[in-house]
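These are my notebook entries on one structure.

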Amino acid sequence: MKFSELMKALGHEDLNCITKYGEIKEYQDEYFYTINSQTSDLMQEIKSKVSEKKPMFPYLSDNKSLSDIDKPIKWDVLLSNKCETRSAKELIGKFYRGNRDPKSPFLDKGHLVAREFQKYICGQNEPTDNFFCKNVSSNIAYQFCDKNRGNGKKRGQHQFEQAVMNYFQKVNDTDSESKKVIVYYEVEPIFRKSGDKIPIGTRIFAFRETDTSDQVNNFISQSKKKDEFKITLPYHVFIPNYIEDYDAEKDLDISKIREKFEDFYAGDEQAKCSLSKWYSNQNTANTK
């Protein structure tokens, strides 16, 4: 079952929770969807939220403080290779620390603002800032392992984060004086409904200070062989959070699949165990 088919079954026939940002298109047989942003309005909005002095902007609702947030939220971040040395707490104040659930065999505690970005926000990689640990609820989303890390030649969230890191590395390698460069990064967990605990996917928008909206959809440097393409900035993508081919079990019809995933996204432990069992069986069968 493709993700678009699952979303239709779950009541998101047109994926309007994502398409409000632009036209969405599945990219060949990859995990991700591209988002065609029609205007530069979103880029300007992101730039207005962050600055070099205040490079992190958490999207909070209902007059809550960050220390009250116990689920993943949307973030706007400014990354710079010339940022000052400071802690995340100095930038955003106290934050809620939770997510101490036992390790799952098929779910990652995936960072929204990547651990590798610490150097370009806080000015240093070590020691690990408390915000980038795996128990900060506002920055951690439960994600299927392959959608977080990628799987073989299919790109997951990590490969898009790595494209940002590669850009900074390229600047350092080609510029002896290492001129200042800035990357804007927006990451948003998309929930099926407001009370859910696990997102249906993650939207990521990354662009350089000089990029325009016309450039966003040209981020794939395509070679003759599809599996050799390289991700470059700027990009705007949606990475679904689901198990591929879940309907491969003959006894599962669409209504049962929908029910399993509705319960899973809501955070139901029984549904999580059920999917974990199927996932393990699938991986065992694939390795035989």
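This is a predicted model: local features need pLDDT of at least 70, side-chain atom pairs count only at pLDDT 80 or more; totals for chains, interfaces and linings use all residues.

**Entry 1: a charged network**

Residues are numbered from 1 along each chain as its sequence is written, and side-chain values use heavy atoms, with hydrogens and water left out.

I then asked which residue forms a salt bridge with K74. The partner is E186, with the closest N and O atoms 3.9 Å apart; a salt bridge is a side-chain nitrogen of Lys or Arg within 4 Å of a carboxyl oxygen of Asp or Glu. K74 lies in the loop between β3 and β4 and E186 in strand β7, so the pair ties together parts that are 112 residues apart in sequence. Helices (H or I, at least four residues) and strands (E, at least two) are DSSP runs, numbered from the N terminus. E186 counts as buried, at 0% relative accessibility. I also recorded that K74, E186, E188 and R203 are linked in a network of salt bridges.

**Entry 2: other salt bridges**

How many salt bridges does a search of the whole structure find? I recorded 13. Side chains of opposite charge can pair when their charged atoms come close.

I took E52 and K180 next: they form a salt bridge whose closest N and O atoms are 3.1 Å apart. E52 is in the loop between α3 and β3, and K180 is in the loop between α7 and β7, so this pair ties together parts 128 residues apart in sequence. E52 is partly exposed, with a relative accessible area of 36%, and K180 is partly exposed, with 46%.

I also noted a salt bridge between R208 and D211, with the closest N and O atoms 3.0 Å apart. D211 is buried, with a relative accessible area of 7%.

**Entry 3: the sheet and its helices**

I traced an open sheet of seven strands in the order β1-β2-β11-β8-β7-β4-β3, with antiparallel pairing; two strands pair if DSSP finds at least two bridges between them. The edge strands are β1 (23-26) and β3 (56-58), each pairing on one side only. From one strand to the next the twist averages 20°; axes are lines fitted to C-alpha atoms, for helices over the stretch in contact, and angles run from 0 to 180 degrees between N-to-C directions.

Within this sheet I followed β4 (residues 75-80) and β7 (residues 182-190), which run antiparallel and are joined by six bridges. The bridge partner of V77 in β7 is Y185. Helix α3 (residues 41-49) packs on the sheet and touches β3, β4, β7, β8 (201-208) and β11, with its direction at about 85° to that of β8; contact means heavy atoms within 4.5 Å. Helix α7 (residues 157-174) lies across β4, β7, β8 and β11, and runs at about 155° to β11.

**Entry 4: nonpolar cores**

I looked up the largest nonpolar core, which has 43 residues; such a core is a set of buried Ala, Val, Leu, Ile, Met, Phe, Trp, Tyr and Cys residues joined through side-chain atoms within 4.5 Å. W75, L79, I121, F131, V164, Y185 and Y235 have the most contacts inside it. Which helix or strand gives the most to this core? I found that α7 does, with seven residues. Apart from this core lies another, of 34 residues, including Y33, F144, F205 and Y265.

Is N241 buried or exposed? N241 counts as buried, at 2% relative accessibility, and lies in the loop between β11 (235-240) and α8 (254-266). N241 and F3 are 238 residues apart in sequence, yet their C-alpha atoms are 8.6 Å apart in space. Beyond its neighbours within four places in sequence, N241 has contacts that include F3, Y142, F144, I198 and Y265. The backbone oxygen of Y142 lies 3.1 Å from a polar atom of the N241 side chain.

K179, in the loop between α7 and β7, is exposed, with a relative accessible area of 53%. Not counting residues up to four places away in sequence, K179 touches N81, K82 and V171. The C-alpha atoms of K179 and N81 are separated by 8.3 Å, at 98 residues apart along the chain.

Definitions and conventions. Buried means under 20% relative accessible area, exposed over 50%, partly exposed in between (1.4 Å probe, protein chains only). A polar contact is a pair of N or O atoms within 3.5 Å; within protein, one must be able to donate a hydrogen and the other to accept it, and residues adjacent in sequence count only if both atoms are side-chain atoms.
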